[in-house]
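Colleague: I have the model open next to the sequence and would like to go through it with you. Could we start with how the helices pack and then move on?

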Amino acid sequence: MQPFVFNTVPQLICRPGSALQLADSCRRLGVSKPLLVTDPGLVAIGLVQPVLAALDAEGLPAILFDQVREDPPEATVEAAAAVGREAGVDGVIAVGGGSSMDVAKVVAVLLGGSQPLASLYGVDQVQGGRLPMILVPTTAGTGSEVTPVAVITTGETTKAGVSSAVLLPDVAVLDAELTLGLPPAVTAMTGVDAMVHAIEAYTSKVKKNPLSDNLAREALRLLGTHIRAAVHTGSDREARAGMLLGACLAGQAFANAPVAAVHALAYPLGGHYHIPHGLTNSLVLPSVLAFNMPDAAPLYAELAEILVPGVSGGVEARAAALVLAIRGLIDDVQLPATLEAAGVPEQDLPMLAEDAMLQQRLLVNNPREVALADALDIYRAAYGATA
C-alpha cells in the first residue's frame, strides 16, 4: 500500500438546527467574542439573524462582518480582519458558502498571528497559529468546511490559494435547515461542484488513498441520489441533508487527494468572466472526463456503477456510461451545457488554455498529462459540447 497522510477536522456536527447551538462549541473552544463572517445576501433573506440571536441569548454577542462577495478579493479579507482586530474578537465563525468560509479561514490566521496576507499564499506557508474557528456551510458544494484551502482573488483575473492544515476549522457544522432556501440554479451548480470534487479525488494521481476513495464513493452516491430532488423540490429535507453530507464527504476526500484538470480549466473561466465556480466546473467536466479516458477508464468504470446502477459492459463501456450520465445530469438540473451557451467568446479559447497551464499545482494530480494543445482541445470540445 502506498503511504499516505490524512487530515480532517477534529469535530463534525451533522444535525438539523445545530447552527442555533454554536454557543456550545464557542464555550468549549474558549471563545467569548466571535467574529461572524457572512455575505449580504444571507443577511437580506434573514438566514443569519437567528444565528446571531442564538449566540446573543447565550451571552456571546457576535461582531458581524457581512460584506463577503463571490470570489472575495484581498480587500475584503483585510476589511474583515480590521473589523475583528478593532473589536478584539477571540474566535471566528463563518455562516455561508465557500467564499465566506475562505475569508473566515484567512482572517482567523491573520488575527491569530503576525504574518501579512501576501506571505500566506502557497502550500504550508502559514507559520503561526490562528484563532479558534467554526465553519457553517449554507450551500452543498464547496466542502470548504473540511478543507485546508482558501482561495482569494489577487487581481482582476487572478486568484491564489492558501493551503495549510492550520486552515482546517475546529468544528464544522452541517445544518441542512440552512440550505432549504437555496435557489434551484445555485443548488445545481454547487451540487455538480461537489460531484467534481468526488470524481477528481477518486482519480487523483499523486495522493489517492483508501480513505479518500471511500469518502469520494459515498459522496458521489449521496450527491447522485439527491441532487435532482434538491434542485426541483427545494423543500425536500432528506434531499438537502443528503446533498450537504455528500458535499462534506467530497470535501474531505479532495482535501487529501487533490483535484486536477477540471478545476485547472475552470479557474480561468471564473477569473475572466465571473462565472460561478460550480458552473465553471460543470462546463468543462464532461470534456475533461473524455480526455482522461485513456488513463482513467478503469476508475471511471467503477464510479459509473454508483451513478448508473446496473451498468453493464466492459471497462470502456462503463466508463463511457459515466460521461453520458454526467451529461444527462447537467441537462436534468438545467445548467448550460456548453461554453458557448455560457457566453464564453470562442476567440478567447487559446487565451484560456494559456491561463489553465499556469495551474500546475492542480494539473500534476490529473490522471493524464495535460499539455497546452490538450487544454485548447478540451476547451474546444466544451465550447460545442462534443468530446
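**Helix packing, sheet and loops**

Modeller: Bear in mind that this is a predicted model.

Colleague: At what angle do the axes of H6 and H10 cross, and within what distance do they come?

Modeller: The axes of helix H6 (residues 184–202) and helix H10 (residues 277–307) cross at roughly 35 degrees and come within 9 Å, and the crossing of H6 and H10 is left-handed.

Colleague: And H4 with H5, what is the packing angle there?

Modeller: Helix H4 (residues 74–87) packs against H5 at an angle of about 50 degrees, with the axes 9 Å apart. H4 and H5 are therefore oblique to each other, and H4 passes H5 in a right-handed crossing. On the H4 side the contact is made by Thr 76, Val 77, Glu 78, Ala 80, Ala 81, Gly 84 and Arg 85, and on the H5 side by Val 103, Val 106, Val 107, Leu 110 and Leu 111.

Colleague: How many of the residues of H5 are buried?

Modeller: In H5, 13 of the 15 residues are buried, so that helix is mostly covered. As for its length, the 15 residues of helix H5 (residues 98–112) should span 21 Å at 1.5 Å a residue, which agrees with the 21 Å between its end C-alpha atoms.

Colleague: Switching to the sheet, what is the strand order?

Modeller: The open sheet is formed by 6 strands in the order E1-E9-E6-E4-E2-E3, and the pairing is parallel. Strand E1 (11–14) and strand E3 (63–65) are the edge strands, each pairing on one side only. On average, neighbouring strands of this sheet are turned by 15 degrees against each other, direction ignored.

Colleague: What about E6, how many of its residues are buried?

Modeller: For E6, 5 of the 5 residues are buried, so the strand is largely enclosed by the rest of the structure. Both faces of E6 are covered, with Met 133, Leu 135 and Pro 137 buried on one side and Ile 134 and Val 136 buried on the other.

Colleague: Which residues do E6 and E9 pair through?

Modeller: Strand E6 (residues 133–137) and strand E9 (residues 171–174) run parallel and are joined by 2 bridges. The bridge partner of Ile 134 in E9 is Val 171, while Leu 135 stands opposite Ala 172 in E9. E4 and E6 also run parallel, joined by 5 bridges, and Val 92 stands opposite Met 133 in E6.

Colleague: Which strands does H1 lie across?

Modeller: Helix H1 (residues 22–29) lies across E1, strand E4 (91–96), E6 and E9, and runs at about 160 degrees to E6. Helix H3 (residues 49–57) also packs on the sheet, where it touches strand E2 (34–37), E3 and E4, and its direction makes about 170 degrees with that of E2.

Colleague: Then there is E7 and E8, how do they run?

Modeller: E7 and strand E8 (residues 159–163) run antiparallel and are joined by 5 bridges, and the hairpin that joins E7 to E8 passes through 5 residues. The bridge partner of Ile 152 in E8 is Ala 160. In strand E7 (residues 149–153), 4 of the 5 residues are buried, so E7 is largely enclosed by the rest of the structure.

Colleague: Last topic, the loops. Where does Glu 70 lie, and what is it in contact with?

Modeller: Glu 70 lies in the loop between E3 and H4, and it counts as partly exposed at 45% relative accessibility. Leaving aside neighbours within four places in sequence, Glu 70 is in contact with Ser 99, Pro 276 and His 277. The C-alpha atoms of Glu 70 and Gly 98 are separated by 8.5 Å, with the two residues 28 residues apart along the chain.

Colleague: And Asp 71, buried or exposed?

Modeller: Asp 71 is buried, with a relative accessible area of 16%, and its place is in the loop between E3 and H4. Although Asp 71 is not a glycine, it has a positive phi of about 50 degrees. His 274 is not a glycine either and has a positive phi of about 55 degrees; His 274 is found in the loop between helix H9 (261–273) and H10, and it counts as exposed at 57% relative accessibility.

Key. Residues numbered from 1 in each chain as written. Predicted model: local features only at pLDDT ≥ 70, side-chain atom pairs only at ≥ 80, totals over all residues. Heavy atoms only, no water. Pairing = 2+ DSSP bridges. Axes fitted to C-alpha atoms, helices over the stretch in contact; angles between N-to-C directions. Contact = heavy atoms within 4.5 Å. Expected span 1.5 Å × (residues − 1). Buried < 20%, exposed > 50% of the residue type's maximum accessible area, 1.4 Å probe, protein only. Parallel < 35°, antiparallel > 145°, perpendicular 65-115°, else oblique. Left-handed = near helix turned anticlockwise from the far one by under 90°.
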